[in-house]
Amino acid sequence: MKKILLGCIADDFTGATDLANNLVRAGMRVVQTIGVPTQPLQAEVDAVVVSLKSRTIAPAQACVQSVAALQWLKAQGAQQIYFKYCSTFDSTPKGNIGPVTDALMAALHTDFTIATPAFPDAGRTVFKGYLFVGAVLLHESGMQDHPLTPMTDPNLVRVLAAQTRHEVGLIDHIVVAQGEAAIRARIAALRAEGVAIAVVDAVSNADLLRLGAALSDMPLVTAGSGVAIGLPANFGIAPNAQASRLPPTTGLQAIVSGSCSRATNGQVAAFRAAGLPAVALDPLRLKQGAQAVDQVVNDTLALCQTHLAEGPVLVYSTAEPEALKSIQDQLGVQAAGQLVEHTLAGIAVGLVRLGVGQLIVAGGETSGAVVQALGMTQLQIGAQIDPGVPWCAGNTALSDNALHITLKSGNFGTPDFFTKAFHFIA
Ligand code: ADP
């Protein structure tokens, strides 16, 4: 197997997909793994994104997992390491961005790195070290009320300094605007002052591309997914159609939707309005225990089986806010969520056993449950269907062929996503 070029460590699953998607669009062939792989890579690629669930776990644990990922990536030949965190810099004064950065720097024996969550395409810009979300500062964006990682200070130099044992400095937009040579000179000056981590301003993709060129020999880069657009060029890679090529599609088509977000409700409504076959799940039937769940799974699969040969079939628990609230009142929010996720995952497994080879999953948590139930540990990243949502392909023990799967966050995608996505890979 050819050595990989770029090794990435992401602190959550959907963030990993976001990064992988940007790398593919910039021309790299990418596999996303769920956790540190225990099997060889399933495809020859330029970059691997190891997705962890380390954003809000104890800092020591996040460091151990991230260093394990680093060691695996180095063993695959990675020339540069990319630590990916959220574009809203989600963290607490204890971490985990600072501690993980420190641990990765130590493991790589490097004394300098950068930090920037800038992703202008998604409205995240950094100016004078201050993070903006759209037109407002981070602490006015709603992130100040986040249940796990409330962000009350938009000044990233201060935020990061509180989390790391290293000195933190700034490469501001005036330097970034001057290009690679100026950025490199500023890095040398900061280093001479004893600064080890530089927050970098970026307000446009042009800024990220200029920054990318200046990072060609930096062993460790820490960033949101934005900086990724400027790195493949350092390896002589330009955007190309091959990067998103997946194995040929096989099998039947189905959609499993456990998201109740507004966009998904619209997508379910559009699919039904087109007269296409859709099976609704009644969460209240699930509360009678394991036997009832099995019964619902079997009944649903039997209904699907009558339509699958004709085209895509939708199974959905998706409900409008009022209906959702009524179910949650009766079952409890957590219990309802877990029951529905578990049931939809069982249905996804059954669908693949029935010959489904192309599967859309709607909902972030639902996607996690489905991927786990299918036993998928590696996803090769294909073309983007809508911003942030690519087709992927991966092996599962349930099928001899690669399964094509797309994992759609609740609020992503146009109303016709459930039909459009299949035309995309036809
Ligand atoms: P999103 O990406 O839209 O947030 P998720 O899958 O992450 O979607 O979260 C949706 C949650 O709501 C899941 O835990 C899912 O099991 C739960 N859920 C889905 N449909 C229903 C329903 N009808 N009643 C109660 N809970 C539901």
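Helices (H or I, at least four residues) and strands (E, at least two) are DSSP runs, and they are numbered from the N terminus. This is a predicted model, in which local features need pLDDT of at least 70, side-chain atom pairs count only at pLDDT 80 or more, and totals for chains, interfaces and linings use all residues. Residues are numbered from 1 along each chain as its sequence is written, and side-chain values use heavy atoms, with hydrogens and water left out.

Begin with the loop between E4 and H3, where Phe89 is found. The phi of Phe89 is near 55 degrees, a positive value in a residue other than glycine. The loop between strand E4 (80-84) and helix H3 (97-108) also holds Asn96. A cis peptide bond, with omega about 10 degrees, joins Gly95 and Asn96. For background, most residues other than glycine have a negative phi, and most peptide bonds are trans.

Now consider the chain as a whole. Its domain assignment gives domain 1 (6-240) and domain 2 (245-424); such bounds come from an automatic or database domain assignment. Between the C-alpha centres of domain 1 and domain 2 there are 31 Å. The two parts do touch: 18 residues of domain 1 are in contact with 15 residues of domain 2, where contact means heavy atoms within 4.5 Å. The area buried between domain 1 and domain 2 is about 1400 Å², and carbon and sulfur atoms give 55% of this. Buried area is the accessible area (1.4 Å probe) that two parts lose on being put together, summed over both. Of the area that domain 1 buries against domain 2, Asn21, Ile34 and Gln42 supply 37%, more than any other three residues.

On the side of domain 1 that touches domain 2, the elements that give two or more residues are helix H1 (13-25) and strand E2 (30-34). H1 gives the most, with 7 residues.

The count of salt bridges between domain 1 and domain 2 is 0, while a search of the whole structure finds 14. A salt bridge is a side-chain nitrogen of Lys or Arg within 4 Å of a carboxyl oxygen of Asp or Glu. Asp11 lies in the loop between strand E1 (6-10) and H1, and Arg55 in the loop between strand E3 (47-51) and helix H2 (59-75), 44 residues apart.

The last stop is the ligand. It is surrounded by 18 residues, and the closest are Ser259, Ser261, Glu341, Glu365 and Thr366; a residue counts as near if one of its heavy atoms lies within 4 Å. An N or O atom in the side chain of Ser261 is 2.5 Å from an oxygen atom of the ligand. For Thr366, a polar side-chain atom lies 2.6 Å from an oxygen atom of the ligand. Thr366 is also one of the residues that Gly258 touches, not counting residues up to four places away in sequence.

Conventions:
Polar contact = N/O pair within 3.5 Å; in protein donor to acceptor, adjacent residues only side chain to side chain.
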